[in-house]
Amino acid sequence: MTTAEKYVTAAYCVIFAAVLVYVVIIALKLQRLERDVDELERRETKAEDDDRETISVG
Amino acid sequence: MGAVERQYRVPLPVLAVASLVLVTLALALVFFVVPNDADQGFSQRIFYFHVSIAFTAYACFAGGAWKALRHLWKRDPYADLESYVAVHQGIIFGSLVLLTGSIWARISWGHWWLWSEDQLVLFLVLFLFYCAYFMLRFSVDPGPQRANFSAVYALFGVVLIPVSFLAIRIAKHFIHPVVFTSNVTSNLPGSMLWTYCITQVALLVLAYTLYRIELAGKRLDLRLRELRLA
């Protein structure tokens, strides 16, 4: 492999790595958002259940 | 801030597949189809992506400025977040321009960076100007004031784009290669021109895909914060 080939390969690896890191960061963030959505849904379901219980008791 | 959904013509999965196919095609053309440049040899292959990434960064900054104008002019409720995401994309692509440019400079000039080159320094100024955008944005509390300050700043920055683009043509030394002149076909003959065009389209589609993904995440994040406060 010549020096030019090594540098060109390095340049394309840098581009690939940057896009990969970006996609991984976004994927992790979306995972966190999904967890947050699930948590909110659980809270909402729990609140609805609590409301139903209150009505039946009253 | 309540309205967080904007309808797009092209669905995100279609964009993702298109960018994957186009980038793969561009890489195949760069490494297996185009001949070596007579003057620069193998190292010229960096330019297909380096130049395309540079134009994509300019497009992102210009897009950010356009959205900033929409925010200030039409009070478009989506525009502030879109402007921010576009500038963020511009910074990512701008970093890649500087990195790939430095690698090419090391092969051809024997230096990672030359402060005497107007083109390089002006691009760095543009890049740092937009880096400071984030410092400004996050130094102000969320709200209309932050959106207005950010929009005005993003609009000022767009003035640097033509300066940076034209610097290569008005530079005294002409060390940095000039590809896009009035006679582009003689500088990039045959398959080289096609490869460049396909690479440019691929990177624009990739940038737009990443923009849409980031925007979707940011909007969801915003909506969740609103729900938590409700």
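Visitor: Which residues does Ala57(B) touch, not counting residues up to four places away in sequence?

Guide: Ala57(B) touches Gly90(B), Phe93(B), Gly94(B) and Val97(B). Two residues are in contact if their C-beta atoms, placed from the backbone, lie within 7 Å. The model is predicted: local features need pLDDT of at least 70, side-chain atom pairs count only at pLDDT 80 or more, and totals for chains, interfaces and linings use all residues. Residues are numbered from 1 along each chain as its sequence is written, while chains are lettered from A and ligands numbered from 1 in the order in which they are written.

Visitor: How do you know whether Phe61(B) is buried or exposed?

Guide: By counting C-beta atoms, placed from the backbone, within 10 Å: 20 or more others make a residue buried, 12 or fewer make it exposed, and anything in between is partly exposed. Phe61(B) has 28 others within 10 Å, so it is buried. Phe61(B) belongs to helix 2 of chain B, helices being DSSP runs (H or I, at least four residues; strands are E, at least two) numbered from the N terminus. Beyond four places in sequence, Phe61(B) is in contact with Val87(B), Gly90(B), Tyr130(B), Gly157(B), Val158(B) and Ile161(B). Gln89(B) is 28 residues from Phe61(B) in sequence, with 8.1 Å between their C-alpha atoms.

Visitor: What makes Ser150(B) count as buried or exposed?

Guide: Ser150(B) has 23 C-beta neighbours inside 10 Å and therefore counts as buried. Ser150(B) sits in helix 5 of chain B. Its contacts beyond four places in sequence are Asp80(B), Ser83(B), Tyr84(B), Tyr133(B), Leu136(B) and Arg137(B). From Ser150(B) to Phe138(B) is 12 residues in sequence and 9.5 Å from C-alpha to C-alpha.

Visitor: What is the phi of Arg75(B)?

Guide: Arg75(B) is not a glycine, yet its phi is positive, about 55°. Most residues other than glycine have a negative phi. Arg75(B) is in the loop between helix 2 and helix 3 of chain B. With 11 other C-beta atoms within 10 Å, Arg75(B) is exposed.

Visitor: How is the passage of helix 3 of chain B past helix 4 of chain B described, left-handed or right-handed?

Guide: The crossing is left-handed. That term applies if the near helix is turned anticlockwise from the far one by less than a right angle; clockwise makes it right-handed. The axes of helix 3 (residues 79–108) and helix 4 (residues 118–138) of chain B come within 10 Å and cross at roughly 145°. Axes here are lines fitted to C-alpha atoms, for helices over the stretch in contact, and angles run from 0 to 180 degrees between N-to-C directions. Residues making the contact include Val87(B), Gly90(B) and Gly94(B) of helix 3 of chain B and Phe127(B), Tyr130(B) and Tyr133(B) of helix 4 of chain B. By class, the contact has 12 nonpolar, 3 polar and 1 charged. Ala, Val, Leu, Ile, Met, Phe, Trp, Tyr, Cys and Pro count as nonpolar, Asp, Glu, Lys and Arg as charged, and the others, Gly among them, as polar.

Visitor: How many residues has the largest nonpolar core?

Guide: The largest nonpolar core has 56 residues, and Ile53(B), Ala57(B) and Ala207(B) have the most contacts inside it. Such a core is a set of buried Ala, Val, Leu, Ile, Met, Phe, Trp, Tyr and Cys residues joined through C-beta atoms within 7 Å. Helix 2 of chain B gives the largest share, 14 residues.

Visitor: How many residues of chain A are in contact with chain B?

Guide: 20 residues of chain A are in contact with 22 residues of chain B. The chain A side has 15 nonpolar, 2 polar and 3 charged residues. Chain A has 1 helix and 0 strands, against 8 helices and 0 strands in chain B. Buried residues make up 7% of the 58 in chain A and 37% of the 230 in chain B.
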